Every structure is written in structure tokens, then in C-alpha cells.
Amino acid sequence: MNDFKSGKKTYLFWALIVTLFIGFWLLWLGVDAYILTKDPLSHIESSKAILMAVLAFFLFVLLLSGLVLSTMIGNKRYSRYFSIYIGMLFLALLVIRSFIR
């Protein structure tokens, strides 16, 4: 039986690839908006802020669906990938919130 042709594993693979792409895109938008500009709070465009919010929502949905599906089918490898990704994002959120007062 060939497990690589499973639709669930294919979804997990593409969900992981898309979450990595969205994560790097969000990282670049954040660096561009908050680090590369001189006064980030007054120069951020509303379209960029909306794009970041939509990307964060899609990232959250894909990560959660990937973690739930990998846990339900018992795929420990993808479950570990999604868990580590969620943990890294939570840690990044805590670090960012600790520096912004």
C-alpha cells in the first residue's frame, strides 16, 4: 500500500509548504514595516496592515487544520512540524510583546 498517494498526507505536505511561505511573507512585511522604516507607527499603510492581518488569519487556519489532521491520522512527523511551528510563533509573539511597551 502506497501511503504517499494519500490525500490527507498530500494536504499536510502542501499545508506545511504554504504555511512556510506565508510565514516568511509575514516576516518580510513585518521587517519592512517596523524595522526598515524610520517612524513605523506613522508610516504604515492601511493596505499593508490589512494584508498582514489576512495573512495571519490564513496562517492560523492552516496551522490549526494541519495540526488537527496530522493528530487525527496519527502522523507524528507532521504533527511535530506543526507543533514546533506554532510554538515558534507563540515564542515570537511573547518576545515581541515583551519589547513593545
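Leu59, Leu62, Leu63, Gly66, Leu67, Ser70 and Thr71 of helix α3 meet Tyr78, Ser79, Phe82, Ser83, Tyr85, Ile86 and Leu89 of helix α4, where contact means heavy atoms within 4.5 Å. By class, this contact has 9 nonpolar, 5 polar and no charged residues; Ala, Val, Leu, Ile, Met, Phe, Trp, Tyr, Cys and Pro count as nonpolar, Asp, Glu, Lys and Arg as charged, and the others, Gly among them, as polar. The model is predicted: local features need pLDDT of at least 70, side-chain atom pairs count only at pLDDT 80 or more, and totals for chains, interfaces and linings use all residues. Residues are numbered from 1 along each chain as its sequence is written, and side-chain values use heavy atoms, with hydrogens and water left out.

**Packing of α3 and α4**

- Helix α3 covers residues 46-73 and helix α4 residues 76-99; helices are DSSP runs (H or I, at least four residues), numbered from the N terminus.
- The two helices pack at an angle of about 145 degrees, with their axes 8 Å apart; axes are lines fitted to C-alpha atoms, for helices over the stretch in contact, and angles run from 0 to 180 degrees between N-to-C directions.
- The crossing of α3 and α4 is left-handed, a term for a near helix turned anticlockwise from the far one by less than a right angle.

**Helix α1**

- The 28 residues of helix α1 (residues 7-34) should span 40 Å at 1.5 Å a residue, and the end C-alpha atoms are 40 Å apart, which agrees; the expected span is 1.5 Å times one less than the number of residues.
- Buried residues of α1 include Leu12, Ala15, Leu16, Ile22 and Leu26 (buried is under 20% relative accessible area, exposed over 50%, partly exposed in between, with a 1.4 Å probe and protein chains only).
- Thr19 lies in α1 and is buried, with a relative accessible area of 0%.
- Beyond its neighbours within four places in sequence, Thr19 is in contact with Leu59, Leu62, Leu63, Phe82 and Tyr85.
- Gly7, also in α1, is exposed at 55% relative accessible area.
- Gly7 and Asp32 stand 25 residues apart in sequence and 37 Å apart in space, C-alpha to C-alpha.

**Aromatic pairs**

- The whole structure holds 4 aromatic pairs (ring centres of Phe, Tyr and Trp, the last by its six-membered ring, within 6.5 Å; planes under 30 degrees apart are stacked, over 60 edge-to-face and the rest tilted).
- Phe13 and Trp14 form an edge-to-face pair, 5.1 Å centre to centre with 75 degrees between the planes.
- The rings of Tyr78 and Tyr81 have centres 6.0 Å apart and planes at 85 degrees, so this pair is edge-to-face.
- Tyr78 is buried at 8% relative accessibility, whereas Tyr81 is partly exposed at 39%.
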